Amino acid sequence: MKADDLISTLRLKLFAGADGLGKSVTGGYTSDLLSDVMGHASEGSVWITVQTHPNVVAIASLKDIAAVIIARDEVPPQETIEKSNGEGIPLLGSSLNSFELSGLIYKMLE
Amino acid sequence: MESFRADLHIHSLLSPCASLDMTPQAIVTSALERGLQMIAVTDHNTTLHCELTVAIGREAGLPVLRGVEVTSSEEVHSLVILPDGDARVKFQQWLEDHYIRIPYDPLIFGFQPVIDRDENIITEIEHYLTSSINASLDDIGKMAHCCGGLFLPAHIDRPSFSITSQLGFMPEDLEADAVEITGKEINTGFAAVKNSDAHYPDQIGRRYTTYSLEEPTFEELALALGNKNGRHIISVTP
């Protein structure tokens, strides 16, 4: 499954980072604590969070995250969008909450 | 130049998590007993006990600075220290414009009373003060500076409500005047200070910073954090 497939199946918004949409999604991680993601998320994961700080993109890049989904209609600030475009990490959005997104994506990955 | 011991992170009873013994009078008395020469009162997301504490401190000969510990939308805590009463009013108004007013149960989270000089309750804040306000860490720093204040991310080495826990690392464009640490000194590129984060009277001064200043004032503190005009941080304790 590619990041692109998440957009079409879950009807996600694409905020930024379209260059990275071809990456394979091999797992997922749901957390709003960036120190937790830094320590525990695996490469190729889709990361579900309500955090929108620019550091999200830096940590996604460090951990080779396939895509970030901003849950529950949170809107990332301009700086986060620019960083996401710069790093080529898809920054996606959904009106679903983190629990709902996690459940749906878990099923897609099974 | 003289050395001054200062503890710039003290909660009054207005903070829901602080002891009801933390009246402005008790804070000033305890700070003097512990040999502190300047303090700041920093409740969660409110400055409403600053003026009373400043007044009591003035009579007792203890300089008290007006401060607040703000919770950002990222759930990072930062100290804002304000230069004077006008700046405090302006910052308080901005806080009130950015509150997310979630009703809460004081029996679970703790009481939030605003008291007067005679320790009568004037009012109780009806929304939970410690929760995040509708402003980012960056917004809070900008507003602090807009009011002429100082912006210090709090307890950055703690595993909760800190820059490190919430954001993983120091944002590269962080415009802090200093950072507050609780343990070992770490190299962040910012001046590092220690404060007690006292919630109980016997915690006041358990950590403090010694500054080299002409006099214990906000202006001199600002110079010391910037290591300017001979003012500087001498040491942090413990």
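## A charged patch

Asp84(B) sits in the loop between strand E4 (77–82) and helix H3 (85–98) of chain B. Helices (H or I, at least four residues) and strands (E, at least two) are DSSP runs, numbered from the N terminus. This is a predicted model: local features need pLDDT of at least 70, side-chain atom pairs count only at pLDDT 80 or more, and totals for chains, interfaces and linings use all residues. Residues are numbered from 1 along each chain as its sequence is written, chains are lettered from A and ligands numbered from 1 in the order in which they are written, and side-chain values use heavy atoms, leaving out hydrogens and water.

Asp84(B) has a relative accessible area of 36%, so Asp84(B) is partly exposed. The cut-offs are these: buried is under 20% relative accessible area, exposed is over 50%, and partly exposed is in between (1.4 Å probe, protein chains only). Asp84(B) belongs to a patch of negative charge on the surface, together with Glu2(B), Asp86(B), Glu214(B), Glu215(B) and Glu219(B). Patch residues have over 30% relative accessible area and no salt bridge, and like charges are joined within 9 Å.

## Salt bridges

Side chains of opposite charge can pair when their charged atoms come close. A salt bridge puts a side-chain nitrogen of Lys or Arg within 4 Å of a carboxyl oxygen of Asp or Glu. Over all chains, the structure holds eight salt bridges. One of them joins Glu51(B) and Arg88(B), with the closest N and O atoms 2.6 Å apart. This pair links distant parts of the chain: Glu51(B) is in helix H2 (residues 50–60) of chain B, Arg88(B) is in helix H3 of chain B, and they are 37 residues apart. Glu51(B) is partly exposed at 28%. Arg88(B) is buried at 11%.

Another salt bridge joins Arg117(B) and Glu59(B), where the closest N and O atoms are 2.9 Å apart. Arg117(B) lies in the loop between strand E5 (113–115) and E6 of chain B, and Glu59(B) in helix H2 of chain B, so the pair ties together parts that are 58 residues apart in sequence. Arg117(B) is partly exposed at 40%, whereas Glu59(B) is exposed at 59%.

## A bridge within one helix

Asp138(B) and Lys142(B) both lie in helix H5 of chain B, four residues apart, or about one turn of the helix. Their side chains meet in a salt bridge (2.8 Å, N to O). Is Lys142(B) buried or exposed? At 52% relative accessibility, Lys142(B) counts as exposed. Salt bridges that share partners also join Glu51(B), Arg66(B) and Arg88(B) into one network.

## Aromatic rings

The structure holds four aromatic pairs over all chains. One of them, Phe109(B) with Tyr128(B), is tilted: 4.5 Å centre to centre, 40° between the planes. Phe109(B) is in helix H4 (residues 106–109) of chain B, and Tyr128(B) is in the loop between strand E6 (121–124) and helix H5 (137–146) of chain B, 19 residues apart. Rings of Phe, Tyr and Trp (its six-membered ring) pair if their centres lie within 6.5 Å; planes under 30 degrees apart count as stacked, over 60 as edge-to-face and the rest as tilted.

Phe109(B) is partly exposed at 39%. Tyr128(B) is partly exposed at 22%. Ring pairs link Tyr104(B), Phe109(B) and Tyr128(B) into a cluster.

## A strand contact

Ser235(B) lies in strand E11 (residues 232–237) of chain B. Its C-alpha atom is separated by 5.3 Å from that of Thr210(B), 25 residues apart along the chain.

Terms used: Patch = residues over 30% accessible without salt bridge, like charges linked within 9 Å, V, L, I, M, F, W, Y side chains within 5 Å. Areas by Shrake-Rupley, 256 points an atom, 1.4 Å probe, with all protein chains shown as cover. Lys, Arg positive; Asp, Glu negative; His and termini not counted. Charge placed at Lys NZ, Arg CZ, Asp CG, Glu CD.
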